[in-house]
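Keep the structure open while reading.

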Amino acid sequence: MAPRADFVSECHGDETELPPEKPQAIAPRKIHVTRGYPVSSIPVSALAMAVATFTITFSLAFAYDHVQTPFPFLSLTGNRAPESHFFGFGLTVVGILISSGGLFIHEYLEFHLSNDYKYEIYVSSYKKINRLAQWTMMAGGMFLALLATVPLQENAEDLFLQKAAGLAWTSVVHTLCAVSFFTFSYIHAALSLYLFAARYRRLNTSLTAKLACFTSATLFAILCPFLSQGAVGVVSTQQHVTLAPVTQYGLVASVTLYYVSYYFDVRGLRFGLKIHSGQLDRR
């Protein structure tokens with residue numbers, strides 16, 4: 001016996017079946033753990049550590065009569081104990097701060113250059129230059145840390161005064177690391193100055209400070225070997241020992257203050273740890 005038509009209509013209604021409802025997706029839970037530290041503290045800490053290191057090493061070197069001239073080369077104030085311990089530790093920390101600062105500062109600069117310029121050809125070229133500037137900054141910091149751990153030999157000042165041969169391998173490595181540090185720092189300063197000029201497009205405190213430090217570093221870099229090689233006839237041999245280190249002081253100060261000028265660029269920027277968890281499995 002067939003079922004009545006009205007009973008079928010009452011039980012099933014319309015024969016068109018509705019699509020089954022999709023199960024509602026569970027939104028992934030995200031766990032944020034953020035501890036922010038100011039990036040501007042990195043260049044300031046590098047300056048404070050450098051000043052403290054050279055103050056201690058100079059004081060100890062003169063207190064123990066380890067130097068013979070009133071203005072010795074910086075490396076000569078850290079080649080004998082006990083000042084060598086402070087020299088090695090302090091400049092190693094400065095080198096680490098410079099290398100780590102290169103990571104944050106140039107990533108921040110690349111972000112802004114990518115947003116400021118619409119054309120991909122400019123963004124691509126700026127990114128390449130910025131990456132090279134980042135590598136040279138990190139390389140300079142690593143060479144600074146290396147020269148701090150490999151000091152000059154103890155009789156290095158006597159050899160410099162007498163212009164005699166006989167440098168040990170540690171002195172050779174130390175000298176090569178010092179030259180590499182200044183070379184990479186100068187290349188980095190030139191690239192960074194170009195990038196920040198493209199970033200700001202007008203003179204401000206940061207760009208003015210970088211331009212002044214780069215100009216003074218160029219002058220001191222030319223003057224330092226010029227005096228040490230005796231190219232100036234009116235300067236005596238004894239004055240070479242006195243004046244050439246002074247130009248080295250100026251070069252070190254210019255390079256250090258160039259790094260410190262990044263403080264004006266990253267003020268208010270903080271870096272920290274952010275952890276994201278994926279979708280939780282509830283089975």
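## Nonpolar core

In this predicted model, the largest nonpolar core holds 41 residues. The residues with the most contacts inside this core are F54, L91, L144, L147, Y258 and Y262. The largest share is from α6, with 9 residues.

Y262 deserves a separate look. Set aside the neighbours within four places in sequence, and Y262 is in contact with P43, I105, H106, M137, H188, S192, F196 and K210. One of these partners, K210, also forms a salt bridge, described below.

The model has 3 salt bridges. Two of them share R131. E107 pairs with R131 at 2.9 Å, N to O. E107 lies in helix α3 and R131 in helix α4, so this bridge ties together parts that are 24 residues apart in sequence. R131 also bridges to E110, at 2.7 Å, N to O. Here too the pair links distant parts of the chain: R131 sits in α4 and E110 in α3, 21 residues apart. Together, E107, E110 and R131 are linked in a network of salt bridges.

E110 counts as buried, because its relative accessibility is 15% and the cut-off for buried is under 20%.

## The K210–D265 bridge

Which residue does K210 pair with? Its partner is D265, with the closest N and O atoms 2.6 Å apart. K210 lies in helix α7, while D265 is in the loop between α8 and β2 (270-271). The two are 55 residues apart, and the bridge links distant parts of the chain.

Is this pair buried or exposed? K210 is buried, with a relative accessible area of 0%. D265 is buried too, at 5%. Recall that K210 is also in contact with Y262.

## Nonpolar surface patch

V44, Y263 and F264 make a nonpolar surface patch of about 230 Å². V44 belongs to helix α2. Its relative accessible area is 39%, so V44 is partly exposed.

## Backbone exceptions

Most residues other than glycine have a negative phi, and most peptide bonds are trans. The cases below depart from that pattern.

A cis peptide bond joins A81 and P82, with omega about 5°. P82 is in the loop between α2 and α3. D65 is placed in the loop between α2 and α3 as well. D65 is not a glycine, yet its phi is positive, near 55°. D65 counts as exposed, at 66% relative accessibility.

R201 is another non-glycine residue with a positive phi, about 65°. R201 is in the loop between α6 and α7. Its relative accessible area is 55%. That makes R201 exposed, because the cut-off for exposed is over 50%.

Note on methods
Residues are numbered from 1 along each chain as its sequence is written. This is a predicted model: local features need pLDDT of at least 70, side-chain atom pairs count only at pLDDT 80 or more; totals for chains, interfaces and linings use all residues. Side-chain values use heavy atoms; hydrogens and water are left out. A nonpolar core is a set of buried Ala, Val, Leu, Ile, Met, Phe, Trp, Tyr and Cys residues joined through side-chain atoms within 4.5 Å. Buried means under 20% relative accessible area, exposed over 50%, partly exposed in between (1.4 Å probe, protein chains only). Helices (H or I, at least four residues) and strands (E, at least two) are DSSP runs, numbered from the N terminus. Contact means heavy atoms within 4.5 Å. Patches are made of residues with over 30% relative accessible area and no salt bridge: like charges are joined within 9 Å, nonpolar side chains (Val, Leu, Ile, Met, Phe, Trp, Tyr) within 5 Å. Accessible areas come from the Shrake-Rupley method with a 1.4 Å probe; for residues, only the protein chains shown count as cover. A salt bridge is a side-chain nitrogen of Lys or Arg within 4 Å of a carboxyl oxygen of Asp or Glu.
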